[in-house]
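Colleague: I have a structure open and would like to go through it with you. Can we start with charge pairs and move on from there?

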Amino acid sequence: KRLFIALLLLSLTRIVFWVVNHSQFPWEGLFPAFNVLFFGAYFDLISLFYCLSPFILLHLIPGTWFFNPNVQKGLRIFYSAILFLIITLTCIDAGYFPFSKARLGIELFQMAAEEDISITTYILDYWWFIPVILSLVYLSWKFFPKPNNINTLKWFIEIPINILFLGLLLL
């Protein structure tokens, strides 16, 4: 559920990217847009796997420690912080794309180091990204599912299942 929520939020940021840069992508019909959303979700899934890998790995450790409220608070904070970072970078990318005609890369940091580029001007020009970012991160916080508090599997069954699941994720 948690990864699905993150994937849904990243798909929403992809739509924000399209809205900001609609003149750059003249699509005829809905099929190309759905096609890009589908393959974009695939890319987002891979990105989420890398960015949230500590989060995913913690879910694979057997035991009842996972249901501790403090552990759940820490996981929620980590999850929301990573999504905040990813959503912020996506919104920066949406504002950067019209100028560079390329996706976000190391060039952004090189431009930020130059003296004639003002980050304050960029923030003032794209002020509306801030409520978008905060709203999406709020949604990730609000809809963060609570665990069931029921672990019906014994540890000696759960470990092989988790190893198999992890192996499938790595394929």
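**Charge pairs, core and surface**

Modeller: A search of the whole structure turns up one salt bridge. Keep in mind that this is a predicted model.

Colleague: Which side chains meet in that salt bridge?

Modeller: The side chains of D44 and R14 do, at 2.7 Å from N to O. The two residues are 30 apart and link distant parts of the chain, with D44 in helix α2 (residues 31-51) and R14 in helix α1.

Colleague: Why would two such side chains pair at all?

Modeller: Side chains of opposite charge can pair when their charged atoms come close.

Colleague: Are D44 and R14 buried or exposed?

Modeller: Both D44 and R14 are buried. D44 counts as buried because its relative accessibility is 6%, and the cut-off for buried is under 20%.

Colleague: What else is D44 in contact with, leaving aside neighbours within four places in sequence?

Modeller: D44 is in contact with L7, L10, S11 and R14.

Colleague: You mentioned S11. Where is S11?

Modeller: S11 sits in helix α1. Leaving aside neighbours within four places in sequence, S11 is in contact with L37 and D44. S11 counts as buried because its relative accessibility is 16%.

Colleague: Let me step back. How many helices and strands does the protein chain have?

Modeller: The protein chain has eight helices and zero strands. Read from the N terminus, the order is α-α-α-α-α-α-α-α.

Colleague: And how much of the protein chain counts as buried?

Modeller: The figure is 30% of the 171 residues. The protein chain exposes about 11,600 Å², and carbon and sulfur atoms supply 73% of that area.

Colleague: What share of the contacts joins residues at least 24 apart?

Modeller: The share is 75%, taken among contacts between residues at least 6 apart in sequence.

Colleague: On to the inside. Which residues touch the most other members of the largest nonpolar core?

Modeller: L48, Y79, L83, I87 and F129 do, in a core of 29 residues. Helices α1, α2, α4 and α7 each supply at least two residues of this core.

Colleague: Which helix gives the most to this core?

Modeller: That is α4, with nine residues.

Colleague: Take I87 from that list. What does I87 touch, not counting residues up to four places away in sequence?

Modeller: I87 touches L10, T13, I133, L136 and V137.

Colleague: I also marked I92. Where is I92, and how is it classed?

Modeller: I92 is found in helix α4. I92 and Y126 are 34 residues apart in sequence and 8.9 Å apart in space, C-alpha to C-alpha.

Colleague: What about R76?

Modeller: R76 is in helix α4 as well, which covers residues 69-100. A polar atom of the R76 side chain lies 2.5 Å from the backbone oxygen of W141. Leaving aside neighbours within four places in sequence, R76 is in contact with W141, K142 and F144.

Colleague: And L139, where does that sit?

Modeller: L139 is in helix α7 (residues 129-142). L139 counts as partly exposed because its relative accessibility is 31%. The C-alpha atoms of L139 and I5 are separated by 8.9 Å, while the two residues are 134 apart along the chain.

Colleague: Last topic, the surface. Which residues make a nonpolar surface patch?

Modeller: F4, L8, L12, I15 and V19 make one of about 460 Å².

Colleague: Pick L12. Where is L12, and why is it called partly exposed?

Modeller: L12 lies in helix α1, which covers residues 2-20. L12 is called partly exposed because its relative accessible area is 35%.

Methods:
Residues numbered from 1 in each chain as written. Predicted model: local features only at pLDDT ≥ 70, side-chain atom pairs only at ≥ 80, totals over all residues. Heavy atoms only, no water. Helix = DSSP H or I, 4+ residues; strand = E, 2+ residues; numbered from the N terminus. Polar contact = N/O pair within 3.5 Å; in protein donor to acceptor, adjacent residues only side chain to side chain. Contact = heavy atoms within 4.5 Å. Buried < 20%, exposed > 50% of the residue type's maximum accessible area, 1.4 Å probe, protein only. Patch = residues over 30% accessible without salt bridge, like charges linked within 9 Å, V, L, I, M, F, W, Y side chains within 5 Å. Areas by Shrake-Rupley, 256 points an atom, 1.4 Å probe, with all protein chains shown as cover. Salt bridge = Lys/Arg side-chain N within 4 Å of Asp/Glu carboxyl O. Core = buried A, V, L, I, M, F, W, Y, C linked by side-chain atoms within 4.5 Å.
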